[in-house]
Structures are given as C-alpha cells and as structure tokens.
Amino acid sequence: MRAGTFVIGIDFGTDSVRSVVADARDGEIAGVSVAPYARWAQGLYCDPRANRFRQHPLDYLEALEASVRAALRQAGGDVASRVRGIAVDTTGSTPVLADAKGTPLALCAGFEEDPDAMFILWKDHTAVAEAARINHVARTWGGVDYTKFSGGVYSAEWFWAKALHVIEANPTVARAAVTVLEHCDWIPAVLTGTTDLARIKRSRCAAGHKAMWHPEFDGYPSNEFLARLNPRLPALRATLGAQTFTADTPFGTISPEWAARLGLPDDVVVAVGAFDAHMGAVGGDIRPHQLLKVMGTSTCDMLVVPKTGAPEILVAGICGQVDGSILPGAIGYEAGQSAFGDVFAWFKQLLGWPLRAVLPTLPCAGESSREALADAVRRAALADALLEEIIPALEREAAAIPPSRRPVLALDWLNGRRTPDADQRLRGAIAGLDLATDAPRIYRALVEAVAFGSRAIVERFRSQGIRIDGAIGIGGVARKSPLTMQVLADVLDMTVEVRAGEQPVALGAAMFAATAAGLHATALDAQRAMAPETEARYRPDPARARLYDALYRDYIQLGSFVERELTQQGYHEEST
C-alpha cells in the first residue's frame with residue numbers, strides 16, 4: 001500500500017485530457033491516464049479551411065471523468081481516499097459564451113450543435129479581422145493602449161477577439177450570451193458546483209495574458225474602449241469582475257456530485273485554473289532567467305523574472321507579461337511559436353500522401369471480393385507502419401548532414417506567427433531548392449527553421465533588456481528529437497536542458513493542487529519538492545554556433561521578404 005498524501009493534476013490538451021495522481025511529498029506519479037475527446041476525434045464542429053476549431057463542452061466533461069477514474073484505478077489501494085487537492089490547466093485562449101449560470105451555450109437547449117456556442121480552441125483563427133480592429137482602436141482611440149502589457153499586439157487567438165467575432169457573426173448566440181468564460185475558469189466552477197458568476201474566480205494567468213487585464217487598468221479594458229468595438233462587450237465585461245487569482249489559490253471545495261463521479265472524498269480542494277504552458281513551466285522546474293519551452297505541436301515559451309521594485313520592462317511583440325501568471329511573486333512572460341511539432345507533422349503527411357491516396361487504390365487482378373478486402377486491410381496496416389517510420393528515418397539521415405552556408409532555408413510560419421509580433425495571416429516558405437535537394441535536407445531545414453524561430457524570441461527579449469541565461473525543454477519534441485534539441489542549442493548558443501517525465505504539464509497542475517490544499521506553503525515550495533530531474537543536456541558546438549549566426553541572418557531576411565511580398569500583394573486582405 002502506498003503511503004503519503006496525494007493530489008491530482010488535470011491537463012486539458014488539444015486532443016485529450018490527461019490526469020496524474022501524484023504524491024504531494026515528492027511528485028512521484030502513482031497513476032496516469034489519457035482520455036481522448038470523442039467528438040473532436042471525429043472532426044466535428046471544425047472547418048480547417050476556414051481556420052475554425054471548436055470543441056464541445058461534453059468532450060471535456062466526459063474525458064475528465066474517464067481520465068481521473070482511470071488514473072485512480074491505476075494508483076490502486078486507498079489512494080483515492082487520500083487525495084486532498086485538484087488543479088486543472090487548459091489550452092488558451094479557449095473561451096466560450098455562456099448563460100447567467102456560467103453554462104456554456106452548447107449545453108443549453110437549441111444550441112447543442114452550434115459551433116459558435118462551443119469552446120473556441122486556442123488555434124482557431126476565425127477572428128483575424130477582429131484582432132486587427134482591436135489593435136487599430138487601441139492605437140487610435142485616444143485613451144490607454146490596453147495592449148501595452150500584451151506585447152503591444154493583440155492576437156486572433158485571444159479572448160476578446162474571439163468573443164467579438166462570435167457575437168458579430170452569430171446574433172442568436174449573441175442574444176443568449178451573458179458572460180464569456182475561459183476553459184480554465186469553467187472546469188473549476190463545474191467541479192465545485194459554482195453557478196453564481198460573481199463567485200467564479202477568474203484566472204490571473206488567462207485574464208492577464210489573453211484578456212488585457214492588469215492592475216494598472218483597474219481590471220479589464222474600459223467600457224468606453226470595448227463599446228467602440230461592439231456595444232455588447234461592456235455587458236459581458238461586467239460579468240467578469242475586476243479581481244483575478246493566481247493558481248495557488250483555492251477556488252473552492254469539490255461538489256458532492258463531482259466527488260461521487262470521480263470517486264473522491266468530499267473535502268478535496270479545487271485550485272484556481274491556469275493555462276497549460278504556465279503550469280507546465282512550474283512542472284518543468286523553471287528557474288529565473290531560464291527560457292522554458294513547452295515543445296509540442298506548437299511552443300509556448302515561458303520566462304520568470306523576480307520582482308525587484310524597479311519599473312517593469314515592457315517587451316514588445318510577445319504574448320504578455322503578468323505578475324504571478326507562472327509563479328506568484330515574479331513576472332511571468334509568455335512567447336511562443338504557432339507551429340513547432342506541427343511543422344514536422346505537416347512534412348510527414350506530405351511525404352506520406354501516396355500511402356494514403358495511392359496504395360489503397362492499386363489494382364489487384366484476379367482477386368475475389370474476400371481476398372480484395374483482406375488485401376485492403378493489409379495495405380492500410382502497411383501504410384500506417386510506413387508513416388510511423390518517416391520521421392525517425394528523416395531524423396537519422398538529417399543528423400548526418402552537416403550544416404552548410406548554402407543550405408535549403410525554411411521559414412516556420414506554417415500556422416502563422418505567434419511571436420515576436422503576432423500575425424496569424426503569415427505563411428511559411430522554403431528557399432534554396434535544386435534538383436539535388438532530397439527529403440532529409442528539407443527536413444533538416446525545417447528543424448533549423450523552428451530553432452531560428454526560437455532564437456527570434458530570445459533576441460526580442462534580450463533587445464528589450466530581459467536577460468536569458470539558458471533554456472529548458474519539456475514535452476514530446478524535447479524528449480523524442482535529439483537532432484532538434486542539438487540544433488536548438490547550436491542556434492541559441494546556449495545549453496538546453498530537457499526535463500524527465502511524460503506529463504510535466506499535469507505534474508505542474510498537481511504542484512498547484514498541493515499548494516491550494518495547504519500541503520506546501522507556497523508554489524515554489526511545491527516545485528522544489530515535486531520537480532522532475534534533468535534527463536539530458538545539449539551544449540552548443542562553437543563552430544556550428546558561428547555558422548548558425550550567419551544562417552539566422554539569412555532566415556531573418558527570408559522572413560522579411562515573405563512578409564513584405566505577401567503584404568504588397570494584398571494577401572492579408574484576400575485571406576480574411
């Protein structure tokens with residue numbers, strides 16, 4: 001039988017929710033389970049061509065229950081009875097329009113199948129035009145520039161742009177909406193049975209980074225500013241309150257309904273929610289002035305700088321800076337890349353197209369219908385097996401190719417540019433191709449491109465006066481791609497550490513659960529006690545670092561050319 005007191009960290013990702021049951025003393029994982037979103041897996045409510053990505057709230061609730069129960073079963077014994085705290089993190093900004101009780105409209109009669117009544121996933125880019133309006137008004141209305149703590153550029157991926165888009169595009173949803181809730185605020189409200197909007201503790205992390213909340217503004221942007229965007233926004237703002245809370249704060253106690261559904265004691269403390277990357281930074285043992293990269297389909301780059309009493313340095317073109325958004329008592333800075341692992345996934349699918357489109361249709365003369373069916377099954381299995389081998393094979397071949405001053409050069413904006421200077425309308429590019437260019441050389445160029453995109457973020461921080469001494473990687477790419485991590489170290493010309501553990505983000509949530517439940521005095525104490533070890537260190541090679549200095553300048557020139565040409569050709573206006 002396991003000894004100790006336990007907490008649960010719940011990480012709502014893009015495709016699934018993962019729950020970890022962790023020992024609050026040392027972070028040892030007793031149980032873990034991942035549950036996919038059933039409707040999302042079918043592609044429901046999404047239209048990739050229109051950059052629309054919506055998720056049904058039932059996906060979240062069903063996967064939450066399934067993953068927590070499975071993780072507790074894996075932990076076994078009487079662990080469930082010794083759970084004292086729960087904390088959740090979510091993707092973000094992932095808001096939803098809701099009714100007067102905080103119920104997402106998709107759970108209300110008449111809206112069950114309306115994508116505009118569902119959660120608007122972080123990577124939904126339907127609000128590009130609305131983000132442009134917010135930026136324009138912020139600069140021209142004659143009052144406070146409410147984007148000043150959000151890098152000076154408001155993104156289509158964020159709270160107000162998405163809310164504005166839905167209320168203008170769907171009058172029926174707009175009339176029914178009373179409030180807007182971030183996913184990370186809704187789940188704690190559900191778990192505690194909170195239906196009074198005034199009692200919902202809004203996440204400091206979410207509000208500060210994505211909704212332009214700041215103490216200097218006495219909360220969110222003023223009614224006058226929001227009314228210039230749309231007269232419905234001030235009423236929505238009124239439901240948000242003015243106060244926000246850090247993730248070490250108790251949101252409340254689990255409701256009897258959810259205690260029964262999850263098989264937990266009825267005194268479990270539920271913490272205030274936050275975004276996945278921010279809790280993941282704590283789970284990845286972030287240190288001051290170390291850039292922690294959550295490396296998955298995209299990246300979120302986290303940085304903490306202790307408060308010194310000196311004036312706060314505003315960094316242009318990032319995803320905001322918020323006191324306490326990562327660790328209480330420090331300024332949390334967020335940046336990132338809209339595509340990272342997705343760049344490699346795109347190339348894999350590109351190369352694998354014949355396996356999906358051609359292999360199954362090849363004629364097989366003389367086969368009976370039963371033989372043809374069996375052959376189709378074999379071909380499908382072969383296609384799947386070959387697809388899984390594409391990236392490992394490319395890694396091996398690309399690693400053997402030395403960096404060159406005349407390489408294939410790629411631009412990593414395949415899903416737009418998050419930072420520096422958000423612009424989701426930009427696109428990627430590959431230059432320097434000739435008849436000798438093969439797949440491994442293109443793959444290496446893509447690896448170098450995402451590393452150059454990371455360097456652009458580092459250079460922006462440094463140019464604004466923020467020190468960065470090293471980097472930390474967590475997530476799938478960090479642990480699975482030594483080539484990417486070594487190239488990253490060479491391009492950044494600094495050591496990159498990789499943290500151990502399969503679920504650093506959920507572990508970070510568990511640390512906040514332990515703090516909110518009073519098992520550790522502070523989030524920093526919980527981090528020190530529960531943090532994972534470092535499993536790898538990648539140190540820069542001086543010769544390659546010098547070469548990549550020159551190649552990085554070429555990358556910047558290519559990016560400037562592509563951005564300028566797309567703008568001059570009117571691409572931005574046509575794409576909206």
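What follows covers a sheet, a helix pair and one arginine.

Keep in mind that this is a predicted model, where local features need pLDDT of at least 70, side-chain atom pairs count only at pLDDT 80 or more, and totals for chains, interfaces and linings use all residues. Residues are numbered from 1 along each chain as its sequence is written, and side-chain values use heavy atoms, with hydrogens and water left out.

Let's start with the sheet. Its seven strands make an open arrangement, ordered β14-β15-β13-β12-β18-β19-β20, with mixed pairing. Helices (H or I, at least four residues) and strands (E, at least two) are DSSP runs, numbered from the N terminus, and two strands pair if DSSP finds at least two bridges between them. At the edges sit β14 (321–323) and β20 (534–538), each of which pairs on one side only. On average, neighbouring strands here are turned by 25 degrees against each other, direction ignored; axes are lines fitted to C-alpha atoms, for helices over the stretch in contact, and angles run from 0 to 180 degrees between N-to-C directions.

Is β19 covered or open on its faces? Both faces of β19 (residues 496–499) are covered, with Val496 and Val498 buried on one side and Glu497 and Arg499 buried on the other. Buried means under 20% relative accessible area, exposed over 50%, and partly exposed in between (1.4 Å probe, protein chains only).

Now for the helices. Helix α17 (residues 482–492) packs against helix α20 (residues 542–568) at about 70 degrees, with the axes 7 Å apart. The two are therefore roughly perpendicular to each other (under 35 degrees is roughly parallel, over 145 roughly antiparallel, 65 to 115 roughly perpendicular and the rest oblique). Gln486, Val487, Asp490 and Val491 of α17 meet Arg544, Ala545 and Tyr548 of α20, where contact means heavy atoms within 4.5 Å.

Finally, find Arg39 in helix α1 (residues 38–41). Arg39 counts as buried because its relative accessibility is 17%. Not counting residues up to four places away in sequence, Arg39 touches Leu44, Tyr45, His56, Leu58, Asp59 and Glu62.
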